[in-house]
Amino acid sequence: MKGQALIVELQNYERQGISIWLNGTQCDPSQVAKAMAVRDEISYMRDFVFQSGKLKQVHFDKITKS
């Protein structure tokens with residue numbers, strides 16, 4: 001399942017001390033997967049935030065059409 005693969009990926013990030021964010025709010029992997037599954041018609045952009053060359057945060061932000 002697509003959602004399950006995303007949860008596993010994000011859980012791996014969390015185990016490494018990398019925080020997960022959805023639309024500006026820190027959350028857990030299941031919240032991100034649920035938001036993406038429920039809102040299938042909405043697109044999210046994934047951003048990786050690095051500090052001193054190390055991945056520190058993964059952000060999922062809703063893309064809005066202008």
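1. A polar contact here is a pair of N or O atoms within 3.5 Å, of which, within protein, one must be able to donate a hydrogen and the other to accept it. In this predicted model, the side chain of His59 makes such a contact with the side chain of Gln57, at 2.7 Å.

2. His59 belongs to strand S4, which covers residues 54-62. With a relative accessibility of 17%, His59 counts as buried, because buried means under 20% relative accessible area. When neighbours within four places in sequence are left aside, the residues in contact with His59 are Trp21, Met45, Arg46, Asp47 and Val49.

3. As for the overall architecture, the protein has 2 helices and 4 strands, and from the N terminus on these elements follow the order α-β-β-α-β-β. The radius of gyration of the protein is 12 Å, close to the 11 Å that the globule rule gives for 66 residues, so the protein is as compact as a globular protein of that length. The C-alpha trace spans about 35 × 30 × 15 Å along its principal axes.

4. Among contacts between residues at least 6 apart in sequence, 40% join residues at least 24 apart. The protein exposes about 4800 Å², and carbon and sulfur atoms supply 50% of this area.

Conventions: Residues are numbered from 1 along each chain as its sequence is written. This is a predicted model: local features need pLDDT of at least 70, side-chain atom pairs count only at pLDDT 80 or more; totals for chains, interfaces and linings use all residues. Side-chain values use heavy atoms; hydrogens and water are left out. Buried means under 20% relative accessible area, exposed over 50%, partly exposed in between (1.4 Å probe, protein chains only). Contact means heavy atoms within 4.5 Å. The radius of gyration is taken over C-alpha atoms; the globule rule is 2.2 Å times the number of residues to the power 0.38. Accessible areas come from the Shrake-Rupley method with a 1.4 Å probe; for residues, only the protein chains shown count as cover.
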